[in-house]
Each structure stands twice: as C-alpha cells, then as structure tokens.
Amino acid sequence: MYLDNDDERVLAGEFGETRQKMMEILVALGDVYGAEKLVPITSAQVSGASYKTIGRWGLSWLQSLNARAAVPAVLNPIGMPREGWQEFGIDEEFARRQAEVVEAYRKLGIRVECTCTPYYLRITEYGEHLAWSESSAVAYANSVLGARTNREGGPSALAAAIIGKTPYYGLHIVENRRPQVVVEVESGTGPHAAHWGAIGHVAGKKVGNRIPLFQGIRPNRDQLKALGAAMAATGAVALFHVEKITPEARVFTFDTGDLERVTVTADEIEALFTETEVEAVAVGCPHCSADELRELAELLRGKTTTKPFYIFAAKGVAKHNPDLVSVIERSGARVITDTCMVVSPRMDEFASIMVDSGKALAYVPGMCGALARIGTRKECVEVATS
C-alpha cells in the first residue's frame with residue numbers, strides 16, 4: 001500500500017507511539033483488503049464506547065493512548081445517560097467505569113456526543129469519505145447520503161480519527177457500490193405492511209452482505225433509516241439503493257438484468273408481529289430524529305404510561321427539541337440520551353421488551369437477554385399506556 005512521506009514518518013514513530021500504533025492498524029487493514037493507498041476522511045464515528053461491551057481491558061487500552069483526533073469524530077452510544085444515570089437505575093460501579101471510558105475518549109479528542117445517528121449532528125455531503133463504525137449509521141451514510149464508508153471496527157475507526165485517513169478499499173470505490181441483488185416488496189394491508197424495520201429485518205436475512213436495489217417502494221428518510229438499520233442487523237448490509245429515491249440510484253443507471261431477484265412478502269412481514277405481553281417498551285434504535293420525537297409527543301399527549309417507556313435520542317436532538325421532550329415526559333415516558341437499549345445494562349433487567357425497530361428486534365435477545373416484540377410506534381404507545 002502506498003504511503004506518502006508524512007504517513008511513512010508516522011509509521012516510523014516520529015509523531016509518537018500512539019500515532020504509530022494507529023497507523024499500524026490502518027496499514028494492516030489495508031494489506032488485508034488490498035488497498036492501494038490511504039484516503040483522507042472528513043469525519044469518524046467510533047464504537048466500543050459502552051463499558052458493557054469493552055470491559056476493563058478495553059478501558060485499559062484506551063487509557064494507554066496519547067494522541068488527538070485529526071478530524072471531527074463522535075462516539076457511539078455509551079452504557080448510560082451522562083446525566084440522570086442514577087434515576088435510570090445504573091449501578092455506581094458501572095457508572096464510574098463508564099465515566100472513565102468517556103474521559104479516555106475525550107482526551108483523545110473524540111467529541112462526547114454519544115449517538116448512533118451522527119448524521120443528525122453535522123452535514124455530511126455526497127461523496128465524502130468517512131470512517132464510521134455503527135452498522136446503522138454506515139448504512140445511512142452510504143445509502144441515504146451517498147457518502148462513502150466501510151463498516152469500521154472500533155479500533156480502526158479510532159485509528160482513522162487520529163490519523164485522518166482510512167484505507168481506500170471496499171465501499172470507498174465507486175465501482176464496488178453497484179447493486180448485487182434486486183428486492184421487491186409485496187404490498188399488503190394494515191399498519192404492519194408499511195413497517196420499514198420489519199421489511200428490513202426480513203430483507204437482511206435474504207440478501208446477507210450483498211448490496212440490494214429496492215424497486216417499487218418510496219420511503220422517506222426516517223423510513224430509510226429504519227430499513228437500513230434492520231438489514232445491517234439481520235444481514236451485513238452496509239449500502240442499499242432504492243430506485244428513484246436514494247442518491248446513487250438517481251445519479252447512475254444500474255443494469256439489473258442479470259441480478260437475482262428476491263421478494264419480501266406481506267406474510268413474512270406480518271409474521272414478525274405478535275401479541276406477547278411485555279415488561280417495558282423502548283423506541284429509538286437507531287436514535288430518534290426530531291420528526292420521530294414529534295410523532296411520539298403527539299401520540300403520548302394527554303396519556304399516562306403504565307409500563308416503563310424509554311425513548312432514546314442523541315443529546316443534541318433532545319436539547320434542540322425541549323418542548324417535544326416535555327410533552328413526552330409529562331406522560332411518564334423518559335427521553336434517554338447518550339445510550340441505547342442494546343448497550344445499557346439497565347435494559348438487561350427486563351425479561352421482555354417491546355420495540356419499534358427491526359434492528360432492536362434482532363439485537364435485544366442477544367444483547368439484553370430479553371424476549372423482543374416489535375410493533376409500530378403507535379402500537380408501542382398503546383402498550384405502554386394501556
């Protein structure tokens with residue numbers, strides 16, 4: 001892999017041991033995937049932020065590093081809200097360790113805005129090269145924004161943030177972004193037929209790690225978010241196209257004549273929805289947008305929750321929508337920032353959780369040890385307030 005003079009000096013240790021280690025990570029990754037060079041990035045998003053997932057050895061490694069990020073970079077959700085963690089039911093020892101993780105990242109120059117939706121925090125342009133690690137954010141950046149990023153691991157995303165570059169392979173290359181399978185969605189009736197998380201949950205299992213092109217659907221941005229997040233969870237989809245909707249499907253003409261065609265049937269979607277009793281309700285996986293908070297506020301207006309109801313959002317989004325948060329929380333529901341339902345130990349205490357997300361439906365059983373039930377946002381509110 002070609003390295004310029006500055007890259008070579010970093011690799012030789014002239015700019016410190018930490019930068020040398022980070023460059024070694026990027027060079028090794030580039031060698032594995034046959035990258036011809038490094039490419040500058042405009043931002044990074046770093047996973048491995050929850051103490052629940054990285055533990056003491058991950059924390060120890062972070063604390064051993066000494067450098068600063070070269071590009072704007074944010075964290076994935078951590079294991080608790082930074083404010084009000086006591087009320088959220090977080091153990092003091094966990095909170096202390098989580099705070100140490102956050103401080104370690106802060107010292108590395110990573111912005112402590114802990115979210116799986118970094119695209120709500122800064123404008124990301126078509127064609128920008130990124131190093132993002134959260135699967136749903138990667139799918140959104142590639143597919144909805146037309147930016148370019150592979151799905152990075154936590155260490156490689158951190159390395160790219162500190163160096164300001166990433167290996168040029170995979171989805172950074174235009175030729176590698178062509179669709180590999182066509183997906184048709186069978187129309188049905190009722191609220192479940194248009195549940196984009198459920199559609200993505202089924203589609204991800206069928207397409208695996210291929211790049212799908214959807215035909216005959218017209219989702220909006222929040223629906224595209226739900227679709228991509230679920231496919232990234234049940235498959236390994238980092239990029240998808242929707243005919244006449246997503247940017248590259250408008251810019252390029254794709255020849256799909258020789259591609260396999262798969263169908264997501266109405267029966268497959270409907271089969272995901274059950275009437276199982278649940279102990280808690282959680283939405284915001286990925287984190288809610290302002291429009292989604294507005295919808296929840298309207299659904300909850302004048303109602304009172306009878307079950308724990310957690311709504312997860314980026315702190316920046318919640319801060320800029322205080323009126324919506326106020327309406328939501330008057331019902332007894334809680335808007336929780338910085339964390340999410342799958343990386344917080346709080347959610348491990350429930351045996352069954354209702355979610356509005358195909359991604360959460362896939363992850364809650366394994367990450368929280370809980371039975372997961374999916375529903376529309378309206379159904380989630382009905383269950384939480386019944």
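I looked up Glu 103 and found it partly exposed, with a relative accessible area of 34%, where partly exposed stands between buried, under 20% relative accessible area, and exposed, over 50% (1.4 Å probe, protein chains only). I note that this is a predicted model, in which local features need pLDDT of at least 70 and side-chain atom pairs count only at pLDDT 80 or more, while totals for chains, interfaces and linings use all residues. Residues are numbered from 1 along each chain as its sequence is written, and side-chain values use heavy atoms, with hydrogens and water left out.

The side chain of Glu 103 meets that of Arg 106 in a salt bridge of 3.3 Å, N to O, a term I use for a side-chain nitrogen of Lys or Arg within 4 Å of a carboxyl oxygen of Asp or Glu. Arg 106 is also partly exposed, at 42% relative accessibility. Both residues lie in helix α4 (residues 92-107), three residues apart, about one turn of the helix; I take helices (H or I, at least four residues) and strands (E, at least two) as DSSP runs, numbered from the N terminus.

**Entry: other salt bridges**

How many salt bridges does the rule give? I wrote down a count of 30.

One of them joins the side chains of Lys 206 and Glu 268 at 2.9 Å, N to O. Lys 206 lies in helix α7 (residues 196-207) and Glu 268 in helix α10 (residues 266-270), so this pair ties together parts that are 62 residues apart in sequence. I found Lys 206 partly exposed at 29%, and Glu 268 partly exposed at 28%.

I then checked Asp 291 and Arg 294, whose side chains meet in a salt bridge of 2.8 Å, N to O, and which both lie in helix α11 (residues 290-300), three residues apart. Asp 291 is exposed, with a relative accessible area of 51%, whereas Arg 294 counts as partly exposed at 37%. I also noted a network of salt bridges that links Lys 225, Glu 292, Glu 295, Asp 356 and Arg 377.

**Entry: cysteines**

I searched the whole structure for disulfides, meaning pairs of cysteine sulfur atoms within 2.5 Å, and the search finds zero. Cys 114 is buried at 0% relative accessibility, and Cys 116 is buried at 3%.

**Entry: the cores**

In soluble globular proteins, nonpolar side chains tend to be buried together. I looked for nonpolar cores, each a set of buried Ala, Val, Leu, Ile, Met, Phe, Trp, Tyr and Cys residues joined through side-chain atoms within 4.5 Å. The largest has 100 residues, and those with the most contacts inside it include Tyr 105, Phe 214 and Met 341. Helix α6 (residues 154-163) gives the most to this core, with seven residues. A second, separate core has 25 residues, among them Val 283 and Leu 324.

In α6, nine of the 10 residues are buried, including Leu 158 and Ile 162. The helix is followed by Gly 164, whose phi is positive, near 85°.

I listed what Met 341 touches (contact means heavy atoms within 4.5 Å), not counting residues up to four places away in sequence, and the list includes Phe 312, Met 347 and Val 364.

**Entry: backbone angles**

Most residues other than glycine have a negative phi, and most peptide bonds are trans. I found a cis peptide bond from Cys 285 to Pro 286, with omega near 5°, and placed Pro 286 in strand β10 (residues 280-288).

Lys 244 has a positive phi of about 70° although it is not a glycine, and Asp 338 has a positive phi near 75°. Are these residues buried or exposed? Lys 244 is exposed at 63%, while Asp 338 is buried at 0%. Lys 244 is found in the loop between β8 (241-242) and α9, and Asp 338 in the loop between β12 (334-337) and β13 (352-355).

**Entry: Phe 254**

Phe 254 lies in the loop between α9 and β9 and counts as buried at 17% relative accessibility. I noted that Phe 254 touches residues including Arg 178 and His 241.
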